[in-house]
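Me: I'm new to this one. Can you walk me through it, a bit at a time?

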Amino acid sequence: DLIPWTVSQQFGDSNFAQLSGARIVRVAVHPHVQGMGYGSRAVELLYRYYNGEMIALHGDDDEITEDESDDNDPNDNDSDGGGIDETAKGILGEKLKPRKRLPPLLLPLTEVKAPRLDWIGTSFGLTAQLYKFWKRAGMRMLYLRQTTNELTGEHSTIMVRALPRRTGFDDAWLPAFASDSQRRIVSLLGGPFQTMDVKSASAILADFELYHNSQVNSNGNGNEAGERAIQERSGLSSTSDTISMEELNYFLTPHDLKRLEQYGRNLCDHHLVTDLLPATARLYFTGRFGVEFRLSNLQAALLCGIGLQNKTIDQLTVELDLPSNQVLAMFNKAVRKISMAFNEIAEESEKKNMLSDKARAKIEKDAEKLKNVTHQTLDEDAEEGAQAALQALKSSGDEEYTNITQDVVQDKSDQESNEATNSVEIKTPGKRKLSGDEKEASASSKKKSSKKEKSAKKKKSKR
């Protein structure tokens, strides 16, 4: 119950405990033939047996031979068996006597019916050699203990391989658990797994990436149901999604991308981009750069050690047994590739924001129509249209043109007559001459007014 209980607890999925499986505890190989492929071949045959791939090439012989019938004769009593209870079963009822033909200790797997299993797995202390062996056997890592063993100092790990053909059970749980384990290990490499050898850490992450790409290729061949199941169980929007520019802005700003580009061009020191490496390494080792983007093994190991395990260049120089200048040169190449990948993502985002061919053609067509728009006012355009219509009627010599022209002339004469009747002419009257009496009256009034003015002046002077 080690594997079912641990996996169910780690992933919070009680359905895994309902599956049937087998755990390989030991693989024994003679010391003289170790490393020659006998162990891997034995594990592969065991997988094929439990997966129902072992086929018998000859028919079963169900006939009972005469010797077997003599051995199984219930009337054949032993000379010393008088005290044995014949009704007893099992060992108590067994007759002890020499037999002519014993059953074989080993039987061909084609003659033994295999139990129905959903997976086979193993658990061991993580070392580079053992991990390489079980990975070659088709196992996938689902669990890596954060604390080391007190005696061996190794991290315990669990690796599982699904048996879909034998049971017909949907095996989407395996890639879903594998992707979850990948994200966990990537996050924990800077903590509990920081002291792990960078070669082992990069090998584990490379195996996750290779398995992820194989799942993408298999889903691209029409396994849509499996891809949907993986998306539901692992939480991924798609198994082959490349990070978008909107999502990239949550991790890196345009100024950060500029710093990466400067370091890729050898315009600054590697310390200037150290703070950007954890986010960059996490995006790479979780497969967000796309299936086609790959770094070399050494470049991936350097990115894992510096970006995820927070190791220095000096530490990596000792672990990889390489000179520091070569380590820095390979690391610079890795950052340059990553910077170019980021620039391609930005360019693709800009292309999507630009107008498509159909939309651009539609806008150009509308603009072409606007070139023929007249600059005249509405009244001028209407008058010009009327003149053109009249000219067309005149040239055709139709009677309708004469009627229209008469109506126009009549309308103009009526309009002029109405304006004449409505207009009012105001004339200024001329001056007439005064008569004799009017002259005497005006002269007497002038004299009276002058006397009044003189008397008023005298009174003012006396005061």
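Me: Let's start with Leu-205. Which helix is it in?
Reply: Leu-205 is in helix H7, residues 198–220. Keep in mind that this is a predicted model.

Me: Is Leu-205 buried or exposed?
Reply: Leu-205 is buried, because its relative accessibility is 1% and the cut-off for buried is under 20%.

Me: How far is the C-alpha atom of Leu-205 from that of Gln-182?
Reply: The two C-alpha atoms are 7.2 Å apart. Along the chain, Leu-205 and Gln-182 are separated by 23 residues.

Me: Now the strands. How do S3 and S4 pair?
Reply: They run antiparallel, with five bridges between them. Strand S3 covers residues 140–148 and strand S4 covers 155–162.

Me: Which residue in S4 stands opposite Tyr-143?
Reply: Ile-158 does.

Me: And the hairpin of S3 and S4, how many residues are between the strands?
Reply: Six. Gly-153 in that hairpin has a positive phi, near 70°.

Me: What about phi in Asn-266?
Reply: Phi of Asn-266 is positive too, near 60°, and this residue is not a glycine. Most residues other than glycine have a negative phi.

Me: Where is Asn-266?
Reply: In the loop between helix H10 (254–264) and helix H11 (277–285). Asn-266 counts as exposed because its relative accessibility is 56%, and exposed starts over 50%.

Me: What is phi for Asn-310?
Reply: Near 55°, again a positive value in a residue other than glycine. Asn-310 sits in the loop between helix H12 (297–308) and helix H13 (313–320).

Me: Why does Asn-310 count as partly exposed?
Reply: Because its relative accessibility is 46%.

Me: Switching to charges. How many salt bridges does a search of the whole structure find?
Reply: Nine. One of them joins Glu-319 and Lys-311, with the closest N and O atoms 2.7 Å apart.

Me: Is Lys-311 buried or exposed?
Reply: Lys-311 is buried, at 8% relative accessible area.

Me: Which residues do salt bridges with shared partners join into one network?
Reply: Asp-180, Arg-183 and Arg-184.

Me: Which residue does Glu-261 meet in a salt bridge?
Reply: Arg-265, at 2.7 Å from N to O. Arg-265 is exposed, with a relative accessible area of 55%.

Me: And how far apart are the closest N and O atoms of Glu-53 and Arg-48?
Reply: They are 3.9 Å apart, and the pair forms a salt bridge. The cut-off is within 4 Å. Glu-53 is partly exposed, at 23% relative accessible area. Arg-48 is also partly exposed, at 26%.

Me: Last topic, the surface. Which residues form the negative patch?
Reply: Asp-379, Glu-380, Asp-381, Glu-383 and Glu-384.

Me: Where is Asp-379 placed?
Reply: In helix H16, residues 378–396.

Me: Why is Asp-379 called exposed?
Reply: Because its relative accessible area is 63%, and exposed means over 50%.

Terms used: Residues numbered from 1 in each chain as written. Predicted model: local features only at pLDDT ≥ 70, side-chain atom pairs only at ≥ 80, totals over all residues. Heavy atoms only, no water. Patch = residues over 30% accessible without salt bridge, like charges linked within 9 Å, V, L, I, M, F, W, Y side chains within 5 Å. Areas by Shrake-Rupley, 256 points an atom, 1.4 Å probe, with all protein chains shown as cover. Salt bridge = Lys/Arg side-chain N within 4 Å of Asp/Glu carboxyl O. Lys, Arg positive; Asp, Glu negative; His and termini not counted. Charge placed at Lys NZ, Arg CZ, Asp CG, Glu CD. Helix = DSSP H or I, 4+ residues; strand = E, 2+ residues; numbered from the N terminus. Buried < 20%, exposed > 50% of the residue type's maximum accessible area, 1.4 Å probe, protein only. Pairing = 2+ DSSP bridges.
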